[in-house]
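Student: I have a model open and want to work through it with you. Can we take it piece by piece?

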Amino acid sequence: MVALAAGVYVGKLLFTKAALPPPVYRQLTFRRGSIRSARFAPDGQTILYSAAWQGSPVDVFTARPEAPEARSMGLTRTQLASVSSASEMAVLLNSKAIGTWVNMGTLARAPLVGGAPREVLEQVQWADWSADGTSLAVVRDMGGRNRLEFPVGKPLYETGGWIGHPRVSPKGDQIAFIDHPVQGDDSGSLALVDLNGNKRSLSGEWFTIQGLAWSPDGKEIWFTASKSGVDRTLYAVSMDGKERMVLRLPGAVMIFDIFKDGRVLLMRASWRRELIGMTADDAKQHDLSWLDYTYPADLSADGKTLLFDEEGGGGSLDYSKSGGLSYAVYIRKTDGAPAVLLGEGGAVALSPDGKSVIAQTQDSPSQLKLLTTGAGEARDLTKDNINHSWSHWFPDGKRILFSGNEPGKGVRLYVSDVGTGKSQAITQEGVNGTAFVISPDSQWVAGIGPDQKGYLYPVGGGEPRLIAGLNPGEQPITFSSDSQSLYVYQPGELPALVNRLDLQSGKRSLWKQLMPSDPAGVETIGPILMTPDAKTCVFGYHRMLADLYLVEGLK
């Protein structure tokens with residue numbers, strides 16, 4: 001018996017697979033701020049990344065593992081998009097945020113050895129080189145829809161939502177990307193599209209999904225995502241959809257690149273959304289943040305009640321329908337009183353009488369429902385095939401204005417009767433689904449058209465009127481009390497400059513500059529909420545404090 005036991009023990013030692021050694025992490029950045037992208041250079045030793053340190057504009061830096069003291073390439077306000085096998089960078093000049101997760105700039109080519117960038121294409125959001133370094137895949141808005149092109153000019157996929165992190169396969173025959181169905185939200189799925197435009201999903205829906213890279217052999221795609229809050233995990237998925245977990249760490253991680261020897265560039269970040277309130281009588285900034293990811297949705301006309309949701313790990317609610325998480329809807333007084341939890345969903349709009357709020361479901365397609373601020377049950381507002389993005393109440397409290405897109409179509413604005421549920425589109429396809437406001441007299445809706453210009457859309461129907469004096473990229477915040485002016489701002493500007501724009505003359509005057517007292521890691525300011533009398537203002541901002549790591553030994 002002793003001999004038999006010894007034989008079994010030796011057999012286990014011989015045939016049991018040895019445990020893999022733990023991965024080795026080497027920190028590459030040490031300053032305080034945000035990181036937007038990172039890539040290996042062709043030599044595998046030089047690392048390039050884009051970061052905004054200590055509140056300064058985004059820049060492109062180079063570093064080496066043995067000497068992580070980074071060197072600026074002198075490309076201020078420039079974001080690295082990709083590095084080719086021919087040692088050429090694709091960069092976005094004059095990069096600015098156009099949303100929480102998306103930046104836009106002029107696509108340019110720049111040699112790694114130095115020299116002035118050569119401009120290629122305007123208003124590009126993402127770009128990636130093909131493996132041979134001859135062609136670029138790009139993402140940009142065209143006709144009010146987000147479009148993936150490869151090569152430039154050849155559309156492969158369009159959506160009313162948004163496309164993120166495109167990466168061309170090592171063979172150049174497919175592009176992996178993240179398909180986000182709702183504008184402004186980073187939930188979504190991992191997808192593939194071939195050169196004929198045939199698109200398929202490789203994963204189900206994730207609560208948050210950002211960052212991807214092809215494995216060197218092209219058999220897997222590694223991506224970072226989570227079904228339970230903002231702390232993303234690193235996964236790998238094969239071409240037939242088989243998923244496996246590669247790495248889980250506390251905090252939000254994002255994969256940027258994989259070198260041919262398997263080394264990985266990985267960012268570990270602290271993501272927060274915070275809120276500041278200000279009044280005309282008190283210029284001091286008051287922190288109205290509640291948990292870790294506070295997103296402002298609406299402000300009562302008297303400036304006393306704030307509607308918001310919590311979209312991070314701290315405020316997410318479990319819900320049984322899909323076995324995942326949902327955002328949590330809150331209201332609180334702007335005097336700093338504790339917040340009141342109303343229910344699950346994305347907060348959208350507060351009714352004029354303060355008794356109800358509109359919330360957005362996390363279903364697909366996303367619908368709108370009505371929550372009460374007092375006693376009462378939630379009820380559905382919509383139940384159709386439209387993917388609903390955003391909404392506002394009309395002052396009479398009997399109608400709402402919402403944005404959404406039907407399958408395969410661009411976003412439109414709809415007027416809906418709360419009592420009957422009947423809806424009528426008042427715009428063409430391709431309008432901005434998050435930037436629109438209703439005039440106090442209920443006659444006009446200020447919004448952004450498919451051509452990125454500002455328009456006044458008549459609520460009763462008819463041709464829209466161009467908003468004179470509204471600069472490209474600017475968005476409306478609110479009408480003035482007399483409906484004769486708009487308060488507007490330019491997303492991506494730091495600080496945010498809020499101007500009052502006269503709708504008759506097109507003349508503008510600066511109302512206020514908005515910026516948190518601590519600028520480190522602040523990437524975007526917005527949404528901005530204001531009362532029509534301009535006596536109360538609440539603004540949100542996204543802060544990312546990140547570190548870049550070189551990781552060896554991941555399998």
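Tutor: Start with the second largest pocket, at about 620 Å³. This is a predicted model, where local features need pLDDT of at least 70, side-chain atom pairs count only at pLDDT 80 or more, and totals for chains, interfaces and linings use all residues. Residues are numbered from 1 along each chain as its sequence is written, and side-chain values use heavy atoms, with hydrogens and water left out.

Student: Ser-37 is in β2. Is Ser-37 buried or exposed?

Tutor: Buried means under 20% relative accessible area, exposed over 50%, partly exposed in between, with a 1.4 Å probe and protein chains only. The side chain of Ser-37 reaches the backbone oxygen of Leu-80 at 2.6 Å. Ser-37 has 5% relative accessibility, so Ser-37 counts as buried.

Student: How many residues of strand β4 are buried?

Tutor: Strand β4 covers residues 59-64 and is mostly covered. Its antiparallel partner is β3 (residues 47-53), over 5 bridges; two strands pair if DSSP finds at least two bridges between them. Ser-50 stands opposite Val-60 in β4. The buried count for β4 is 5 of its 6 residues.

Student: Which residue in the turn between β3 and β4 has a positive phi?

Tutor: β3 and β4 form a hairpin, with 5 residues between them. The phi in question is about 50 degrees, and it belongs to Gln-54.

Student: Which are the edge strands of the open sheet of 4 strands?

Tutor: The order is β25-β26-β29-β30, with antiparallel pairing. An edge strand pairs on one side only. The edges are β25 (294-299) and β30 (340-344).

Student: What is the bridge partner of Thr-305 in β29?

Tutor: Strands β26 (residues 305-310) and β29 (residues 328-333) run antiparallel and are joined by 6 bridges. In β29, the partner of Thr-305 is Lys-333.

Technical notes. 1 Å grid on protein atoms, 1.4 Å probe; cavity = no way out; pocket = protein on both sides within 12 Å on 5 of 7 lines; lining within 4 Å. Points joined across faces, edges and corners; volume = space filled by probe spheres on them. Helix = DSSP H or I, 4+ residues; strand = E, 2+ residues; numbered from the N terminus. Polar contact = N/O pair within 3.5 Å; in protein donor to acceptor, adjacent residues only side chain to side chain.
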